[in-house]
Amino acid sequence: RLRLTIKHAVPTGIALRSRSGQDRATMLRHADIAMYEAKRSSESFRVFDASLEQTSTLRLTLTASLREAIDSGQLCVFFHPKYDMSTRRLVGAEGLARWRHSEFGLLTPAAFLDVALMSESAVPFAISTIRHVAGMIRQLDELGAPMPIAANIAMRALRDPGFAPAVLRVLDEVGVSPELLVLELTESDPLWPNT
């Protein structure tokens, strides 16, 4: 029998020895993978299973290639409309990033957003998304239909001292009024509960 009591909210990774047995290094690696998954999903603990190792490998691959994806233009933005239900009118949109990955195809935020939020690429990722959103705002404005469009950003980007000046530079370069850009904090951000 296994009895586990968690007295505080420190994410914990648990690895159970299988009947075939593993060495200590493997057990520690499995516990570490489970701990990072617990952190990522804001859980108190996570028990390792084989699917976590595959997820962890994919996450490492995406983390390693995210900056290159940003620099080479593999990121794109899909726009979701926002309607005022009382007037039934379109009142804005939200731009959500997608990654056109050379190996895995079109990735939705569910596949890579946690990587983008916690990596060193959080600010470049946010600026790339904002650049796409600003471009759409400009196109709509030129068509005579100006409307606010939201972009999701990470807490990590918001805390970076270079973030606000970079956003203002993008808006100036694209020629967009700041009032039309809405910045939303990503609810799934692992830093959110501590803020």
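Trainee: Hi! How many salt bridges does the count come to?

Mentor: Five salt bridges, and remember that this is a predicted model. Let's walk through some of them.

Trainee: Great. Which residue forms a salt bridge with Asp71?

Mentor: That's Arg67, and the closest N and O atoms of the two are 3.3 Å apart. Both residues sit in helix α2, which covers residues 50–71, and they are four residues apart, about one turn of the helix.

Trainee: And is Asp71 buried or exposed?

Mentor: Asp71 is exposed, because its relative accessible area is 56% and the cut-off for exposed is over 50%. Arg67 has 40% relative accessibility, so Arg67 counts as partly exposed.

Trainee: Let's move on to helix α4. Where does Arg138 find its salt-bridge partner?

Mentor: Its partner is Glu142, with 2.7 Å between the closest N and O atoms. Arg138 and Glu142 are both in helix α4, four residues apart, about one turn of the helix. Glu142 is exposed at 57%, while Arg138 is partly exposed at 35%.

Trainee: What about Glu173, which side chain does it meet in a salt bridge?

Mentor: Glu173 meets Arg131, at 3.0 Å from N to O. This pair links distant parts of the chain: Glu173 belongs to helix α6 (residues 163–174) and Arg131 to helix α4 (residues 122–142), 42 residues apart.

Trainee: How accessible is Glu173?

Mentor: Glu173 has 53% relative accessibility, so it counts as exposed. Arg131 is partly exposed, at 37%.

Conventions. Residues are numbered from 1 along each chain as its sequence is written. This is a predicted model: local features need pLDDT of at least 70, side-chain atom pairs count only at pLDDT 80 or more; totals for chains, interfaces and linings use all residues. Side-chain values use heavy atoms; hydrogens and water are left out. A salt bridge is a side-chain nitrogen of Lys or Arg within 4 Å of a carboxyl oxygen of Asp or Glu. Helices (H or I, at least four residues) and strands (E, at least two) are DSSP runs, numbered from the N terminus. Buried means under 20% relative accessible area, exposed over 50%, partly exposed in between (1.4 Å probe, protein chains only).
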